Amino acid sequence: MNSVKIEGINIQWFGNSGFLLEGNGKKIYIDPYQIGAEPAFDDRADILLITHEHFDHCSPEDIRKVRRSDTTTLIPESCSLEFRGDARRVAEGDVLADGLEIKGVRIDVVPAYNLDKPYHPRELGVGYIVELGGLRIYHAGDCDFFPEMEDIRADIALLPIGGTYTMDEEEAARAAAAISPKVVIPMHYGSEGIDGDPEKFKAFVNSKNPDINVIILDV
C-alpha cells in the first residue's frame with residue numbers, strides 16, 4: 001500500500017520524500033517527486049510545501065502537475081525557483097498560526113540540516129509541522145538527528161532513513177524515540193544511491209520504544 005488513513009487523515013507516499021496529506025477538505029503536497037499521472041484538478045494542491053531546492057524535492061515538472069492557480073506554496077528563503085501566484089518565502093522559526101494560518105491550516109517551519117555532512121547546511125532547507133484534523137504531522141526534510149529535534153512534538157513523524165545524505169536507520173530511530181510520535185513513517189530511501197532498510201528501521205524503533213507504530217508504505 002502507498003497510503004494509510006490515520007484518525008481521518010490520509011497520508012500517501014510517492015517515494016523519496018514526496019507526500020500528500022488529505023483531511024478536513026484540504027490537500028497538502030510536500031516535495032512532490034515522480035508522482036506519475038497528472039492529478040485531476042480537484043486532486044491538486046490547496047497547499048504545497050517545499051523543503052529545499054534539490055531536484056528530488058523541488059521538481060518543477062512535478063510541481064506543475066500538482067499546482068493550481070490558487071495553490072498556496074511555501075518555499076525556503078534559499079530556494080532559487082520562482083513561483084507565480086501565492087508563493088511565500090519561509091525560514092525556520094516561522095509559525096503560521098493565530099490569523100496567519102494557510103487556508104485554516106497551522107504550519108510550523110522547523111530546522112532541517114546535516115551535522116557532519118556537507119549536503120544540507122543549516123538554512124538551506126526546512127522541515128514542516130502541519131496541524132490537520134487535530135494531528136501534528138512532522139515532515140523532517142533532509143537532515144540528521146540535530147539537537148532541536150529533541151523539542152519537536154508530533155503525532156506522526158515522516159523521517160528519512162537512507163543514510164549518505166540524511167540519517168540512516170539507527171539514527172532515525174533515535175530521532176523517533178526523542179520525538180515519541182504515535183506513528184512514524186520512513187522516507188527518503190529506495191531510490192538510486194539512497195539505500196535504507198525500512199524493516200531494519202522498524203526493528204530499531206521497536207527496540208527503543210515499542211509503543212511507536214512504524215508504518216512502512218510502498219510506492
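This is a predicted model: local features need pLDDT of at least 70, side-chain atom pairs count only at pLDDT 80 or more; totals for chains, interfaces and linings use all residues.

Reader: Why is His139 called buried?

Author: Buried means under 20% relative accessible area, exposed over 50%, and partly exposed in between, with a 1.4 Å probe and protein chains only. His139 has a relative accessible area of 1%, so the residue is buried. His139 belongs to strand β11, residues 135-139; strands (E, at least two residues) and helices (H or I, at least four) are DSSP runs numbered from the N terminus.

Reader: What makes the approach of the His139 side chain to Ser17 a polar contact?

Author: A polar contact is a pair of N or O atoms within 3.5 Å; within protein, one must be able to donate a hydrogen and the other to accept it, and residues adjacent in sequence count only if both atoms are side-chain atoms. The His139 side chain lies 2.9 Å from the backbone oxygen of Ser17. With contact meaning heavy atoms within 4.5 Å, His139 also touches residues including Phe19, Tyr128 and Met187, residues up to four places away in sequence being left out.

Reader: How do you know that Tyr113 and Phe146 are stacked?

Author: Rings of Phe, Tyr and Trp (its six-membered ring) pair if their centres lie within 6.5 Å; planes under 30 degrees apart count as stacked, over 60 as edge-to-face and the rest as tilted. By this rule there are five aromatic pairs. For Tyr113 and Phe146 the centres are 4.8 Å apart and the planes stand at 25 degrees, so the pair is stacked. Tyr113 lies in the loop between β9 and β10 and Phe146 in the loop between β11 and β12, so the pair ties together parts that are 33 residues apart in sequence. Both Tyr113 and Phe146 are buried.

Reader: What makes Arg68 count as a charge over the ring of Phe41?

Author: The rule requires NZ of Lys or CZ of Arg within 6 Å of the ring centre and within 35 degrees of the ring normal. Arg68 lies over the face of Phe41, at 5.5 Å from the ring centre.

Reader: Why are β8 and β14 called edge strands?

Author: Two strands pair if DSSP finds at least two bridges between them. The open sheet has the order β8-β9-β10-β11-β12-β13-β14, with mixed pairing. β8 (95-96) and β14 (213-214) each have a single partner strand, so one side of each is left without a neighbour in the sheet. β13 pairs with β14 in the parallel sense over two bridges, and Val184 stands opposite Val214.

Reader: What makes helix α2 mostly covered?

Author: Eight of the eleven residues of α2 are buried, among them Glu169, Ala172 and Ile179. The cover over these buried residues includes β11, β12, β13 and α3.

Reader: How do you know that Asp168 caps the N-terminal end of α2?

Author: A side-chain oxygen of Asp168 lies 3.3 Å from the backbone nitrogen of Glu170.

Definitions and conventions. Residues are numbered from 1 along each chain as its sequence is written. Side-chain values use heavy atoms; hydrogens and water are left out.
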